[in-house]
Amino acid sequence: MQTKQSEFVEHKHFVNNDREKFFKSESSLVDEPDKFATFEKWLLQNGTNLPKLELKDYGDEVRGCHTKEDIHDEEVIIEVPLKCLITVEMGKETEIGRAIIKSRIDLDAPKHIFLMVFMLVDRKDPHSFFKPYYDILPETLNNMPIFWTPEELKYLEGSYLLEQIDERNIAIEADYLAICNVVHEFRDLCTLQEFKWARMCVCSRNFGLVINGLQTAAMVPYADMLNHYRPRETKWQFDEDLQGFTVVSLQTIRAGAQVYDSYGRKCNHRFLLNYGFSVENNIEPDGFCPNEVPIFVEMKKTDPLYDVKSTFYRRDLSTPYRRIRVCVSDNENTRLLLAFLRVVEADRDDFDILVSTSGNSLYRSLRDAQQAISIRNETRVMAALLHTLQVLLGAYPTSLEQDTRRLESDEFAPFSNQRHAVIQIRGEKEVLHFYEDFAQTCLSLLKCADVDHFEAALEKVRREKHPVIFVHAKMTLGRLFLDESRRNDSRRRQLDLTKPTVV
């Protein structure tokens, strides 16, 4: 499967779908007008400024902020005063928060916990200052994978994300039980399901801020309704002069357009797990795609060198296995994956070479194996990688081509969990197919008879393959063939019998 750069720079069918999906759904000014009118009135009465914005409803608990008139570059479009923010410190000051701090229990997400505690306690008060905000928060969060039905989760079959969803559920329940053990009345305050709702509400909406010199996190009413899009069109911060949270435009935004925030450059598994959506065109302006796939690799217990390999790299191989996330890039993780496989596939001769080039034993790491050892070892590495990739691809019930056709059709509603699941697994398969092509190309090159044949084959790789594959082949495999050529030349000189032997 050929994988040219253009295939990863642009998905022609999906380029604008992350914006167009909002137009495909019938939008209207938010329903339940009394609730939202009360919310906006509360904000305005307490000093919030958002003169050019209005909320629109797309259904399925999806809303967005739109402009009522043109917004100019560097214009403050949202200003929320400090008193309308819910901060970590407010949660710490509650009775439950103080008990958690005093107990020193180990929690999975401590900052989130204190925001959650404040909201779970405070929303029980019918006269709470923040009641208008609580009333407009989504009631179910059914778009979050931890709340998906078994039928919806089936769309992720084959993906490691299913394990991460289980781990998230386990971690949330562990936090809930830990707090209940410290504060016995906490179980009466909220159920596990309510605790999960609060966790995902905070996870998907909080802002990491510096407020008056203090690093914290906060829930920011209204600002948390901006949907994600990259490259970013707005920026936000806590403005100490204004003593409020501000969102500022980075370009002109025309009247009627949706105003977006950037949630950052992330793999789709993070968007889906933490925010409840996947990005169809998750491509940066420079063509980089941050989508990743975790690849599990481990030492072979049947390897005679298992014990020495498992302890040799003291800084890296504290455990004889790794789950390494890779994307379409020659980054540190890609190099780490190949280095690990070189150690796994090393025989005694290979390992002796690694030992001789690893330097001080106290500072050995897998970086010492980032340089290919030999043509023989690299061939085994690529064969092992290819086998691993094919096993991973075989775990999915559908192919990449089938996923693409389903997304091009009208099979799924724009904001449906099923569509977001297919976007996620399609992205995983793209990465896996890239590395499948990577391994197959390297295996083909490694069969070249000599450096001249390699150079000829490399030119074809330059024309037809992704630049990451070409650069790896040229720099890594090319060095192996040059080294092999030099060794052969040296052997020939040593065995040159045309010269007389001097006795």
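Leucine 141 is buried (under 20% relative accessible area, with exposed meaning over 50% and partly exposed in between; 1.4 Å probe, protein chains only), its relative accessible area being 4%. The structure is a predicted model, in which local features need pLDDT of at least 70 and side-chain atom pairs count only at pLDDT 80 or more, whereas totals for chains, interfaces and linings use all residues. Residues are numbered from 1 along each chain as its sequence is written, and side-chain values use heavy atoms, with hydrogens and water left out.

Leucine 141 is found in the loop between helix 7 (131-136) and helix 8 (150-153); helices (H or I, at least four residues) and strands (E, at least two) are DSSP runs numbered from the N terminus. Its phi is near 55°, a positive value in a residue other than glycine. Glutamate 74 likewise has a positive phi, near 65°. This glutamate is found in the loop between strand 3 (62-67) and strand 4 (76-81) and is partly exposed, with a relative accessible area of 46%. A cis peptide bond, with omega near 5°, links arginine 230 to proline 231. Proline 231 is found in the loop between strand 8 (227-228) and strand 9 (234-239). Most residues other than glycine have a negative phi, and most peptide bonds are trans.

Ten of the 13 residues are buried, so helix 14 is largely enclosed by the rest of the structure. Among the buried residues are Thr334, Leu336, Phe340 and Arg342. At the N-terminal end, asparagine 331 caps the helix through a side-chain oxygen that lies 3.2 Å from the backbone nitrogen of asparagine 333.

Beyond its neighbours within four places in sequence, phenylalanine 195 is in contact (heavy atoms within 4.5 Å) with residues including Ile113, Met116, Asp175, Tyr176 and Phe186. In soluble globular proteins, nonpolar side chains tend to be buried together.

Conventions:
Polar contact = N/O pair within 3.5 Å; in protein donor to acceptor, adjacent residues only side chain to side chain.
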